[in-house]
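I opened the notebook to record what I looked up, entry by entry. The structure comes first, and my notes follow.

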Amino acid sequence: MKWIIYTDLDGTLLDFKTYSYKETQGTVEQLRQMDIPVVFCSSKTRLEQEVYRKAMDLQFPFIVENGSAILIPDGFFDFELSQLDLPQSLTFSQIENYTVIVLGKSFHEIREVIEGARKKVNIEPKGYKDLTLEEIIQLTSLPSDAAQRAASREYSETLLEAETESKSWDQFLEMLNQQHLQCISGGKFHTVMGKGSDKGKAVQILNKLFRKEYGEIKTVGLGDSANDLPLLNAVGIPFLVQKPSGQWEAIDHPSIQKIEAIGPQGWNLAVRSLFNF
């Protein structure tokens, strides 16, 4: 039996405020030495996740932009993806040394729809593409290189705060919906991505690939927020760590194990409870 660990990043594997991986690095290294895949499943972009993958020396597949795409390092699986009966709605591409399974739509398709919708209604929510790097740095409080990686979206677009109570906003959302896009509000920012994008669906597809490769698998999921629920629903052993407030996200799900520790501390406790180290 092969263990597979799926994990959110911000506020889970990484510190909520500093984005540091130092606290979980030792546990990740032990998992890596045991050849247990640690699969990132996050809203972060490919370029953002690659920083942490390189730092932790992880060579496993990973899920980007809230389940919009799965990136598989070339040669990771000993079979061709064409051998599996995968949903016809998926598209495939090649980026650098990755085979990419796209669940949603490309950034360029999304931007084309957004720009068309903005012209038709009396509203113009700005996305990262409309901003200068300096403006993104001011909005996110990220260093220049990190802000640039955050803005390098390939399967979604981040929109700034808009007048969401207006009729124009409702019309804007309906135009996105007609083009098979969804807009997820997250307070200050909104994320526009393809309707096929979903952390849980991405995990299910990867589970199928892992079973083909390894046979029987045992899946673990770790998260801290409501947008991790699809991920947690798609694994056999789901864990929810505490937010910086010391509270858990208000998720009512009987199989989720709530860990009494914040972020990376909770991550360590959850993983170590499964293995003898």
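Does threonine 158 count as buried or exposed, and at what relative accessibility? I found that threonine 158 counts as buried because its relative accessibility is 6%, where buried means under 20% relative accessible area, exposed over 50% and partly exposed in between, with a 1.4 Å probe and protein chains only.

Before going on, I noted that this is a predicted model, in which local features need pLDDT of at least 70 and side-chain atom pairs count only at pLDDT 80 or more, while totals for chains, interfaces and linings use all residues. I also noted that residues are numbered from 1 along each chain as its sequence is written, and that side-chain values use heavy atoms, with hydrogens and water left out.

**Entry: around threonine 158**

I placed threonine 158 in strand β7 (residues 156-159), strands (E, at least two residues) and helices (H or I, at least four) being DSSP runs numbered from the N terminus. Leaving aside residues up to four places away in sequence, threonine 158 touches Lys126, Gly127, Tyr128, Arg153, Phe189 and His190, contact meaning heavy atoms within 4.5 Å.

**Entry: the cores**

I then looked up the nonpolar cores, each a set of buried Ala, Val, Leu, Ile, Met, Phe, Trp, Tyr and Cys residues joined through side-chain atoms within 4.5 Å. The largest has 64 residues, and Tyr6, Phe40, Ile70, Leu206, Leu209 and Phe210 have the most contacts inside it. Helix α7 (residues 199-214) supplies the largest share of this core, 6 residues. Apart from it lies another core, of 12 residues, including Ile110, Val113, Leu181 and Val192.

For isoleucine 70, I listed contacts with Phe62, Ile63, Thr99, Val100, Ile101, Leu103, Ala202, Ile205 and Leu206, again not counting residues up to four places away in sequence.

**Entry: aromatic rings**

I read that the structure holds 10 aromatic pairs, in which rings of Phe, Tyr and Trp (its six-membered ring) have centres within 6.5 Å, and planes under 30 degrees apart count as stacked, over 60 as edge-to-face and the rest as tilted. The rings of tyrosine 21 and tyrosine 52 form an edge-to-face pair, because their centres are 6.1 Å apart and their planes lie at 85°. Tyrosine 21 lies in the loop between β1 (2-7) and α1 (22-33) and tyrosine 52 in helix α2 (residues 46-55), so the pair ties together parts that are 31 residues apart in sequence. Both tyrosine 21 and tyrosine 52 are buried.

Elsewhere, I noted that ring pairs link Phe60, Phe76, Phe77, Phe79, Phe210 and Tyr214 into a cluster.
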